[in-house]
Amino acid sequence: MRSFLKSGIRRIVTGPEKTQRPARARGTRKATVIAIAAQKGGVGKTTTSVNLASALARYHGKRVLLVDLDPQGHVNTALRDQIRVGGGCLSEILASDLGAEVIDIRTATNVPNLDVTPYDTGLGATENLLGTRIGKEYVLRDALDVTRTFYDTIIIDCPPNLGNLTLNGLVAADAVLIPCDPSPLAVSGVHALVDAIRDVARLNPNIDVLGILMTRVDGRNLTLNSAVQEEIEEAYGDALLPVQIGINNALAKAQHGGCDIFEFDEKSRGAEHYRSLADVIAEQL
Ligand SMILES: Nc1ncnc2c1ncn2[C@@H]1O[C@H](COP(=O)(O)OP(=O)(O)OP(=O)(O)O)[C@@H](O)[C@H]1O
Ligand SMILES: [Mg+2]
């Protein structure tokens, strides 16, 4: 039987613009993509994204792109004094079928080697629009295809839920870093996220857990801290990272002041802890 799909009719079915991404110049790098995700809100995802990205750029010479995937736009709030004007909308890239790339909308910061995606009010609508799109899980991964050849590390700050945006972050990621504060709710959020990562492994077989990072650790609550740590160690063994981020007001003040912790107070305990985290992560990259 003659196959119509073998002839030119196939182009009508598939649409040339959807099957052929425009050829683009590629860079020479191959970024590791790290999604920073947690189901519970307020556990330090953004603080970790911003300060890890900055530390990798400042102290490890990495060329870093920080993707603000959370419609709250907290990366941009946290770095507002350091972000250069310019760039475009990530939501438009995620809505495009035309091989649009995240690098097209990124903007620079005053930290050498650190770029970010700008604040984008459209991302809230993207969460819902993605729900109606076939292949919705792969949109961000595809939009990083060329972009990742211009960076060493791409860090994605995910929203505090397991919706379509976070799903895109996980499918695009080589590794997931999971911040967890010492609270029972945060621990159940880790279990939920690990379950989600196991599901995502069907779409992204290479996904790995980079580690679980204890954040906002208050040295005065020893009993709670060790109970939470033991539960995580029992469930996930050495996925618990050897570095912890202590409670440190300088971190909150830096975020409030619109700059990373190294610009705000490079001698603070928060700066020390995030430098140590970057050392541990850089060894694994
Ligand atoms: N180690 C810390 N010490 C003191 N304050 C911290 C620390 N880490 C984060 N904070 C503060 O806690 C609040 C929540 O942190 P952050 O925004 O990083 O959490 P998040 O997980 O990204 O939140 P969301 O779920 O809303 O995205 C912020 O005000 C931040 O400045
Ligand atoms: Mg956040």
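**View 1. Contacts at ligand 1.** A polar backbone atom of Val 43 sits 3.0 Å from an oxygen atom of ligand 1, a polar contact being a pair of N or O atoms within 3.5 Å. Lys 45 brings a polar side-chain atom to 2.8 Å from a ligand 1 oxygen, and for an N or O atom in the Arg 216 side chain the distance is 2.5 Å. The protein covers 84% of the 630 Å² of accessible area that ligand 1 has on its own (Shrake-Rupley method, 1.4 Å probe). This is a predicted model, where local features need pLDDT of at least 70 and side-chain atom pairs need 80 or more, while totals for chains, interfaces and linings use all residues. Residues are numbered from 1 along each chain as written, chains are lettered from A and ligands numbered from 1 in written order, and side-chain values use heavy atoms, without hydrogens or water.

**View 2. The shell around ligand 1.** Here are 18 residues, with Lys 45, Thr 46, Thr 47, Arg 216 and Gln 255 coming nearest (near means a heavy atom within 4 Å). Helix H3 (45–60), strand S8 (240–246) and helix H11 (249–257) each give two or more residues to this shell; helices are DSSP runs (H or I) of at least four residues, strands (E) of at least two, numbered from the N terminus.

**View 3. The largest cavity.** About 60 Å³ of space lies here. A cavity is a set of points on a 1 Å grid over the protein atoms alone where a 1.4 Å probe fits but cannot get out, and lining residues have an atom within 4 Å of a point; volume is the space filled by probe spheres set on the points, which are joined across faces, edges and corners. H3 gives the largest share of the lining, 4 residues.

Methods:
A polar contact is a pair of N or O atoms within 3.5 Å; within protein, one must be able to donate a hydrogen and the other to accept it, and residues adjacent in sequence count only if both atoms are side-chain atoms. On a 1 Å grid over the protein atoms alone, a cavity is a set of points where a 1.4 Å probe fits but cannot get out, and a pocket is an open set with protein on both sides within 12 Å along at least five of seven lines; lining residues have an atom within 4 Å of a point.
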